[in-house]
Every structure is written in C-alpha cells, then in structure tokens.
Amino acid sequence: MPEFLKSNPHILLLLIAGIVALLAAVVPPLLKKMYISPPIIYIFIGIVSCLALGAKVIKPLQQLEEIEHVTEFVVLVALANAGLRIKYPFKWSTWKYSFRLLLIAMPFTILAAGILGWWVMGFAPATAMLFGALISPTDPVLASELQTSDPGEEDTSKVKLGLTSEAGINDGLAFPFTWFAILFATSGPDYTDWLSNWFLHYFLLKIAIGITTGLGCGWLLYKAIFSITMGHVIGRISRGVLSLALVLLPYAICEILGGYGFLAVFFAACIFSNFEKDVEHMNNLHDFNEELESFVVALIFIATGVFIAMHYDKLLVLPLLIVALTMVIVIRPVAGYIALLGTGLNRFQRFSLSFYGMRGIGSIYYLAYALSAANFDDAKTLISLTIATIFFSVLIHGITARSVQKKIHKYD
C-alpha cells in the first residue's frame with residue numbers, strides 16, 4: 001500500500017467508499033439477465049481483495065458497534081422498501097400465507113437451529129438460543145430478489161407477496177427471541193426470575209409499541225406530506241429527504257418509546273402504500289431507498305468476503321459446515337413446507353415460499369446487537385457459523401432465484 005494512504009487513512013476510506021459506490025451502481029444492471037445475484041459477486045470481490053492485498057481489517061468482536069449500526073441502517077431501508085411494495089397491506093389475502101410462516105415455520109426454525117447449535121456445535125444453551133433467533137428471519141435485503149410487484153402495481157404472485165410480507169415483519173419478530181437469549185445469558189437458567197418479564201415486556205409490549213408507532217407515524221407523515229400540502233408543492237419535495245424521513249422518524253420515535261423500531265418502519269411504509277395512489281411518487285420513494293440499499297449491501301458483503309478470506313480456517317470445520325448447510329437446505333424448507341400444508345397452494349408455490357427464506361444482513365445485525373448486550377460463550381464460533389450460513393444462503397438462493405422467477409409466471 002502506498003505510504004500516502006497509510007498516513008492518511010481517511011483518504012483510504014474515501015477511496016474504498018468510491019469504489020463500493022461504483023460497484024453498487026454497475027454490478028446489479030450487469031447481472032440483471034444472469035443467473036447470479038449481486039451479493040455473490042460482492043463476496044468474491046471481498047475474498048479476492050483480501051487475498052491480493054493482504055488486508056486484515058475485519059475483527060468482529062472489536063467492531064461490534066460499527067457492524068451493528070451499518071447493518072441496522074440497511075435493514076431499515078429494506079423494510080421500508082418491502083412495505084412500499086405491498087399494494088394492499090391491510091387485507092387478509094396479503095398475510096394469509098406469511099402468517100403461517102411466522103406462526104409455525106419461524107418458531108420451528110428457532111427451535112431446530114437451537115438444537116443443532118447445542119447438539120452438533122456444543123454451544124451453551126444461551127448461545128444456541130441466540131443462533132436460533134438470529135438465523136430464523138427471512139432477510140428483507142436478500143428477499144428483494146423475489147419481492148412482489150413495484151409500488152402501485154397489483155400483487156400478482158402469491159409467492160412473491162408471501163415472501164415480501166414475511167420478510168417485512170419477521171425481522172421485528174426475531175427481536176423478542178434475541179432478547180430471550182440475552183436474558184438467558186445475563187440472568188441465568190432459572191427462568192422463573194425473568195420469563196414473565198420477557199413475555200410481557202420484550203414480547204407483548206415492545207411488539208405492540210412497534211406496530212402502533214409505525215401505523216401512527218406513517219399516517220401522520222402521509223397526512224403532512226400528501227394531504228396538507230398542495231399538489232404542485234408535492235412535486236418539489238425531494239424524494240431522498242422523504243425516503244429518509246419515512247425510515248428514520250418511525251424508527252427513532254419507536255425506539256424512544258421502547259418498542260421495536262424495525263416493525264415501526266415496516267408498518268409506516270405500509271400506511272403509505274395503503275393510502276398513496278400516485279404511482280410516480282411511490283416509485284420515487286422506493287427507487288431512492290433501493291439506491292441507498294444497494295450501496296450498503298455492496299459494502300457489507302464485500303466486508304463479509306474479506307472476513308471469509310481472513311478466517312477461512314475457522315469456517316472450514318465439518319460440523320460448522322453441516323449445520324450451516326442444514327439450516328439453508330433442510331430446516332427452513334421443511335418448516336415452511338409443513339406450515340403451508342392445507343393452504344391450497346400448489347407444490348411449486350409451497351416449495352418456493354419455503355425454500356427462499358434467505359438468511360443475510362438481518363442475522364448479522366442481531367448477532368452484533370446481542371454480543372454487545374451480553375457475554376456469550378463460543379462467540380467466535382457463533383460468528384463463523386452465522387457467516388457460513390449466510391454464505392450458503394447467498395450462494396444457493398442467489399444462483400437459483402432467477403430460474404424460479406421465470407417459473408413463477410407459469411406455476412404461480
């Protein structure tokens with residue numbers, strides 16, 4: 001590395017940010033007609049860059065705060081996008097399949113992952129529980145590969161609508177189980193001391209605050225922007241400023257009130273989608289968020305590639321690889337398929353909704369959040385297992401998603 005960059009690290013960071021921004025702008029369009037998703041390319045760019053330059057900069061346990069905040073932002077943007085895409089967010093037809101995935105498949109996945117973590121990996125109960133919680137939600141970022149129609153358009157695919165609505169809400173629903181693991185780690189196995197507090201406060205109350213705050217903030221923002229102002233003024237409102245307001249305000253207000261901000265952002269976006277019928281404005285909101293998301297996704301997955309190159313010896317462990325692959329190709333597909341029995345969906349629809357429960361950036365966020373909040377045994381092994389599971393999900397789902405997209409028009 002040139003001496004100038006060594007002595008001016010902020011210039012190096014600006015250089016890296018510029019390269020990442022260029023990749024985020026160029027890679028998705030180039031891959032649009034190929035059977036491969038951008039995160040796969042970003043991971044391999046990170047691996048090659050690390051091996052070529054010898055960079056050793058990713059130390060997760062020393063950078064938890066940075067990892068938490070970066071992943072938090074990209075999940076928030078993805079949740080807002082998911083909410084904006086759903087045309088009828090308050091109709092039962094939107095939720096009838098995703099509710100089954102949330103109520104049956106998600107708890108089954110948490111339990112199965114916890115058992116695998118404890119039995120195969122030898123994790124302590126709190127660590128095993130944390131693995132189950134962080135790996136259970138469908139990632140709203142990676143699920144964008146199979147999200148429903150653009151804002152304002154009809155939701156024509158049951159598979160895409162189900163994945164979008166599931167990914168939009170279950171990232172918030174993973175939080176209570178993450179807190180269960182945190183309380184287990186900090187308060188001990190005598191659950192009589194904290195179980196009722198967990199259920200009443202971290203499950204019922206915080207979920208309720210998240211949903212109500214999101215609905216309230218979304219309604220107020222909609223009224224302030226699209227009802228109070230005149231039509232000719234609306235056209236002058238910066239789509240970027242409005243998009244950021246829709247992401248940041250519900251989240252911050254909800255967190256201040258003590259709720260789950262992820263749920264607030266999703267439901268605030270759903271309010272916009274429900275009331276706003278101007279397709280151009282909705283597409284502008286969504287497009288700006290998607291641009292923000294693309295940049296941070298590129299950054300995170302390049303960093304993931306660097307981590308993989310740096311710690312490949314810790315990842316190439318047979319029990320770890322078995323658990324990671326089992327989570328992606330067995331546990332979630334089986335849990336989802338069972339949950340959707342009796343719904344009237346055909347086999348292709350049940351398979352697609354079950355198999356494409358992607359694991360991704362949301363899992364990294366919950367991992368960083370929990371490790372910052374409590375001390376967990378085998379934290380380094382848990383990090384490696386999480387990254388391996390995400391890698392397999394990105395690889396397997398990213399390569400096959402485009403093929404499924406084509407078949408959806410025929411079988412869905």
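I take helices (H or I, at least four residues) as DSSP runs, numbered from the N terminus. I am working on a predicted model, in which local features need pLDDT of at least 70 and side-chain atom pairs count only at pLDDT 80 or more, while totals for chains, interfaces and linings use all residues. Residues are numbered from 1 along each chain as its sequence is written, and side-chain values use heavy atoms, with hydrogens and water left out.

**Entry 1**

I looked up Val-334 and found it in helix α15. Val-334 is partly exposed, at 39% relative accessible area (buried is under 20%, exposed over 50%, partly exposed in between; 1.4 Å probe, protein chains only). I then noted a nonpolar surface patch of about 540 Å², to which Val-334 belongs together with Phe-108, Leu-325, Ile-329, Val-330, Ile-338 and Leu-341. For such a patch I count residues with over 30% relative accessible area and no salt bridge, nonpolar side chains (Val, Leu, Ile, Met, Phe, Trp, Tyr) being joined within 5 Å. Helix α15 gives the largest share of the patch, five residues.

**Entry 2: the salt bridge**

I searched the whole structure for salt bridges (a side-chain nitrogen of Lys or Arg within 4 Å of a carboxyl oxygen of Asp or Glu) and found one. Its partners are Arg-332 and Glu-166, at 2.7 Å from N to O. Arg-332 lies in α15 (residues 318-339) and Glu-166 in α8 (residues 158-187), so the pair ties together parts 166 residues apart in sequence. I recorded both Arg-332 and Glu-166 as buried.

**Entry 3: α6 against α8**

I next examined how α8 packs with helix α6 (residues 98-119): the angle is about 45° and the axes are 10 Å apart. The axes are lines fitted to C-alpha atoms over the stretch in contact, and angles run from 0 to 180 degrees between N-to-C directions. That makes α6 oblique to α8 (under 35 degrees is roughly parallel, over 145 roughly antiparallel, 65 to 115 roughly perpendicular, and the rest oblique). I noted the crossing of α6 and α8 as right-handed, that is, with the near helix turned clockwise from the far one by less than a right angle.

**Entry 4: two loop residues**

I located Gln-63 in the loop between α3 (38-53) and α4 (64-85). Gln-63 is partly exposed, with a relative accessible area of 24%. From Gln-63 to Ser-372 I read 9.8 Å, C-alpha to C-alpha, across 309 residues of sequence.

I placed Asp-378 in the loop between α17 (361-373) and α18 (379-411). Asp-378 is not a glycine, yet has a positive phi of about 55°. Asp-378 is also partly exposed, at 38%.

Notes
Patch = residues over 30% accessible without salt bridge, like charges linked within 9 Å, V, L, I, M, F, W, Y side chains within 5 Å. Areas by Shrake-Rupley, 256 points an atom, 1.4 Å probe, with all protein chains shown as cover.
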